[in-house]
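Here is a friendly walk through the model shown below.

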Amino acid sequence: GGTLTSFAAPPVLMVARPWDWNVSFMLVNFGWRAVAAITLSTLVYFLLFRGELQGMAARSPVADIEQPDEEAAGPALLPVPAWLVVAHLIFMAWTVFNAHYPALFLGGFLFFLGFARATSSYQSRTELKTPLLVGFFLAGLVIHGGLQGWWIAPVLSRLSETPLFVGATGLTAVNDNALITYLATLVPNLSDELKLAVVQGAVVGGGLTVVATAPNPAGQALLGRFFDGAISPLGLLGGALVPTVIAASVFRLL
């Protein structure tokens, strides 16, 4: 559903600094609602598809064989040692703590690429195409988005909470939700209620299409092999409607 995929994505990051939203604010206004929406959506889909899930449990598992890096010496990965897992965790922690310091972030990333090549016998193939495309999109959003304030500010300032929430949800289905929230930060003197409404809409609608939020392409890459290599856009829209309605109800009624 929309809440699960988009809560970890850039829409919240786009507004956190301009609007001074800290972690405690996010937990109080978004965190517990996201958990409630995810729990309810999972329960509903479990009840709807319990027969299919029982059938899948009876099948023999399909081995998920990871492809080794191109520099690896052998055709298969070697068993991963504990020190390599620790090294990956350290790289992840470095990236999170230095996300707002480009020099440190990029330096750590380049060092990781070198480390991955040096330990290629233990590393699965590093796929850079999808994250690079997402990065270019967000960079273009920051560079060109500031030029859109002349029309988005009057439009958003005329909407009340509910129309703004519905509009943000619908627009997120055909845009990236980071775009919606970033444009909202360009509106001067936006009230706290309208800020919450637009971000809630972007979070709720984030699962309606693949393009809506960055984790969706990652999910498609993992699950695409179960859908004959391609996921139907209309099928995705239909499958996401129920959890989107549940998430919208949780965010607006609780």
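Of the 254 residues in the chain, 33% are buried, where buried means under 20% relative accessible area, exposed over 50% and partly exposed in between (1.4 Å probe, protein chains only). This is a predicted model, in which local features need pLDDT of at least 70 and side-chain atom pairs count only at pLDDT 80 or more, while totals for chains, interfaces and linings use all residues. Residues are numbered from 1 along each chain as its sequence is written, and side-chain values use heavy atoms, with hydrogens and water left out.

**Overall fold and confidence**

The secondary structure comes to 13 helices and zero strands; helices (H or I, at least four residues) and strands (E, at least two) are DSSP runs, numbered from the N terminus. Along the sequence, the pattern reads α-α-α-α-α-α-α-α-α-α-α-α-α. Among contacts between residues at least 6 apart in sequence, 83% join residues at least 24 apart, with contact meaning heavy atoms within 4.5 Å.

How confident is the predictor? The mean pLDDT (the predictor's confidence in each residue, from 0 to 100) is 80 for the chain, and 86% of the residues reach 70 or more. Confidence is highest in helix 5 (residues 82-97), at a mean of 93, and lowest in helix 1 (residues 2-6), at 39. Over residues 1-9, pLDDT stays under 50, although the model has 33 contacts beyond four places in sequence for this stretch. Where pLDDT is low, the predicted coordinates should not be read in detail.

**Two partners of helix 13**

Two packed helices are described by the angle between their axes and the distance between the axes. Here the axes are lines fitted to C-alpha atoms, for helices over the stretch in contact, and angles run from 0 to 180 degrees between N-to-C directions.

| Helix pair | Angle | Axis distance |
|---|---|---|
| Helix 3 (residues 23-48) and helix 13 (residues 233-253) | about 140 degrees | 9 Å |
| Helix 11 (residues 192-204) and helix 13 | about 155 degrees | 9 Å |

Helix 11 is therefore roughly antiparallel to helix 13, whereas helix 3 and helix 13 are oblique to each other. The cut-offs are under 35 degrees for roughly parallel, over 145 for roughly antiparallel, 65 to 115 for roughly perpendicular, and oblique for the rest.

Helix 3 passes helix 13 in a right-handed crossing; a crossing is right-handed if the near helix is turned clockwise from the far one by less than a right angle, and left-handed if anticlockwise. Residues making this contact include Phe30, Leu40 and Tyr45 of helix 3 and Pro243, Ile246 and Phe251 of helix 13. By class, the contact of helix 3 with helix 13 has 14 nonpolar, three polar and one charged residues. Ala, Val, Leu, Ile, Met, Phe, Trp, Tyr, Cys and Pro count as nonpolar, Asp, Glu, Lys and Arg as charged, and the others, Gly among them, as polar.

Helix 11 also passes helix 13 in a right-handed crossing. Ala197, Gln200, Val203 and Val204 of helix 11 meet Thr244, Ala247, Ala248, Phe251 and Arg252 of helix 13.

**Two buried residues**

Thr169 sits in helix 9 (residues 161-172) and is buried, with a relative accessible area of 12%. Beyond its neighbours within four places in sequence, Thr169 contacts Gly201, Val204, Gly205, Leu208 and Thr244.

Leu156 belongs to helix 8 (residues 149-157) and counts as buried at 10% relative accessibility. Leaving aside neighbours within four places in sequence, Leu156 touches Leu164, Leu183, Ala184 and Val187. Leu156 and Val187 are 31 residues apart in sequence, and their C-alpha atoms are 7.4 Å apart in space.
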